[in-house]
Amino acid sequence: MATKKKAEFLKRYGRSGAAAGWHFLTGPQESIDALTKAAGFQYEHDPKTGQFAHATAIALLTPEGKIAQYYYGVEYAPKDLRLGLIQASENKIGDLADQVLLYCYHYDPTTGKYEAIVSRILQLSGLVTILMLGILLTVPSRQGSEPNRHAEG
């Protein structure tokens, strides 16, 4: 059943290489109950439809297998998901720009989104301003102290 469902989803997803990252698991009810309880995932079986009713969510895990964040719903903002993955990986993925974004944004579990931290943005802006002023003041003074090799005489 899991293999059939995986094939169905991969066909609908339509991206090559996706099969390696999707895992559809089956097991005894005791294992399912233990996993869903540990993840805080609740569901109810509807005997009329034969379906399971549950919230739609994804959970991001740390390399140690601990839940770092939940994202609820069916659509996830790419920026939030990217920052969540970087943070959950304990900053082992991502580049310098991602690290700057993580410095300026904070995950708010009540909204399920990353929100700007104004004080950190101001600190970073101040640092960039000081660096730019330093460059603007240093470069002309160095150019003025060098002899003019192209001067006509």
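## An exposed arginine

R12 is exposed, with a relative accessible area of 64%. Here, buried means under 20% relative accessible area, exposed over 50%, and partly exposed in between, using a 1.4 Å probe and protein chains only. Keep in mind that this is a predicted model, where local features need pLDDT of at least 70 and side-chain atom pairs count only at pLDDT 80 or more, while totals for chains, interfaces and linings use all residues. Numbering starts from 1 along each chain as its sequence is written, and side-chain values use heavy atoms, leaving out hydrogens and water.

## Who R12 pairs with

R12 forms a salt bridge with E8 (a side-chain nitrogen of Lys or Arg within 4 Å of a carboxyl oxygen of Asp or Glu). The closest N and O atoms of that pair are 4.0 Å apart. Helices here are DSSP runs of H or I with at least four residues, and strands are runs of E with at least two, numbered from the N terminus.

E8 also meets K5 in a salt bridge, at 3.9 Å from N to O. These two are three residues apart in α1, again about one helical turn. E8 is partly exposed at 35%, and K5 is partly exposed at 38%.

## The whole picture

How many salt bridges does a search of the whole structure find? The count is two. K5, E8 and R12 are linked in a network of salt bridges.
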